[in-house]
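Subject: Handover of a structure

Hello,

I am passing this structure on to you. Please look through the sequence and the model before reading my notes.

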Amino acid sequence: MNRPRNLITLVNLLLFYAEVSAFTGCQKSILTVRHVASCPKDEVSWKAAAIKMNCDSITQNCAMSLGLSTPNHRFQYHCLVNSDKNATVEVCALNRFIFGFCAEFDINAAVVQENYDADCKTHNPPCPEFYDSAEAYKCKKSYF
Ligand SMILES: *[C@@H]1O[C@H](CO)[C@@H](O)[C@H](O)[C@H]1NC(C)=O
């Protein structure tokens, strides 16, 4: 008998599923998609573009309805390659934590996801092994 441990496992499992369900996408994101020729190349210009796009002003309940209205998951500016890798888009989307790859935006699923064609480790300089997609300028191959 190890009740406390089982309870912790259950809570972790529920948190895990809450996290995964966030990645079913946010349809409101699709309305914000703008095709751009390129993305901001550094932190300063990325942040300036984020202020201009003002994702905070857009009413959405994605984070809330997914139980993710925490400081870690907010509807915010991204500039990413699309999942067909033939366009770059600015979009307000729920951020995610990305492991080992660059990021992309899947316009159909309305979700930020790993770009499995862009492995961080093969880049020079390499991008972080772990980063917030809302700071995807840290991984230059997240766009062109
Ligand atoms: C990108 O590729 C997809 C799939 O091949 C195609 O349907 C779409 O029209 C292309 N978009 C652009 C902007 O070229």
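Below are my notes, from the overall picture down to single residues.

This is a predicted model, in which local features need pLDDT of at least 70 and side-chain atom pairs count only at pLDDT 80 or more, while totals for chains, interfaces and linings use all residues. Residues are numbered from 1 along each chain as its sequence is written, and side-chain values use heavy atoms, with hydrogens and water left out.

Overall

The protein has four helices and seven strands. Helices (H or I, at least four residues) and strands (E, at least two) are DSSP runs, numbered from the N terminus. Along the sequence they follow the pattern α-α-β-α-α-β-β-β-β-β-β. The protein has 144 residues, and 42% of them count as buried. Buried means under 20% relative accessible area, exposed means over 50%, and partly exposed is in between (1.4 Å probe, protein chains only). The accessible surface comes to about 8400 Å², by the Shrake-Rupley method with a 1.4 Å probe, where for residues only the protein chains shown count as cover. Carbon and sulfur atoms hold 58% of that surface. A contact means heavy atoms within 4.5 Å. Among contacts between residues at least 6 apart in sequence, 58% join residues at least 24 apart.

The sheet

Five strands form an open sheet with mixed pairing, in the order β1-β3-β2-β5-β6. Two strands count as paired if DSSP finds at least two bridges between them. The edge strands, β1 (34–36) and β6 (111–119), each pair on one side only. From one strand to the next, the twist averages 50°. Axes here are lines fitted to C-alpha atoms, for helices over the stretch in contact, and angles run from 0 to 180 degrees between N-to-C directions.

Strand β5 (residues 101–106) runs antiparallel to β6, and six bridges join the two.

Helix α3

Helix α3 (residues 43–53) lies across β1, β2 (75–82) and β3, at about 120° to β2. Its buried residues are W46, A49 and M53. Seen down the axis of α3, these fall within an arc of 65°, so they line one face of the helix; the arc is that of the directions from the helix axis to the C-beta atoms. An α-helix has 3.6 residues a turn, so residues three or four places apart point the same way. The buried residues of α3 pack against α2 (27–32), β1, β2 and β3. On the other side of the helix, V44, I51 and K52 are exposed.

At the N-terminal end, D42 caps α3, with a side-chain oxygen 3.2 Å from the backbone nitrogen of V44. Just after α3 comes N54, with a positive phi of about 50°. N54 lies in the loop between α3 and α4 (62–65) and is partly exposed, at 38% relative accessibility. K85, in the loop between β2 and β3, is another residue other than glycine with a positive phi, near 60°. K85 is partly exposed, with a relative accessible area of 30%.

E90 is in strand β3 and counts as buried at 11% relative accessibility. Its side chain makes a polar contact with the side chain of Y77 (2.6 Å). A polar contact is a pair of N or O atoms within 3.5 Å; within protein, one must be able to donate a hydrogen and the other to accept it, and residues adjacent in sequence count only if both atoms are side-chain atoms. Not counting residues up to four places away in sequence, E90 touches several others, including A49 and M53.

N95 sits in the loop between β3 (88–94) and β4 (97–99). With 1% relative accessibility, N95 is buried. The side chain of N95 makes a polar contact with that of Q76 (3.1 Å). N95 and E135 are 40 residues apart in sequence and 9.0 Å apart in space, C-alpha to C-alpha.

S133 is in the segment after β7 (130–132) and is buried, with a relative accessible area of 0%. Leaving aside neighbours within four places in sequence, S133 is in contact with W46, H78, N95, R96, I98 and V112.

Regards
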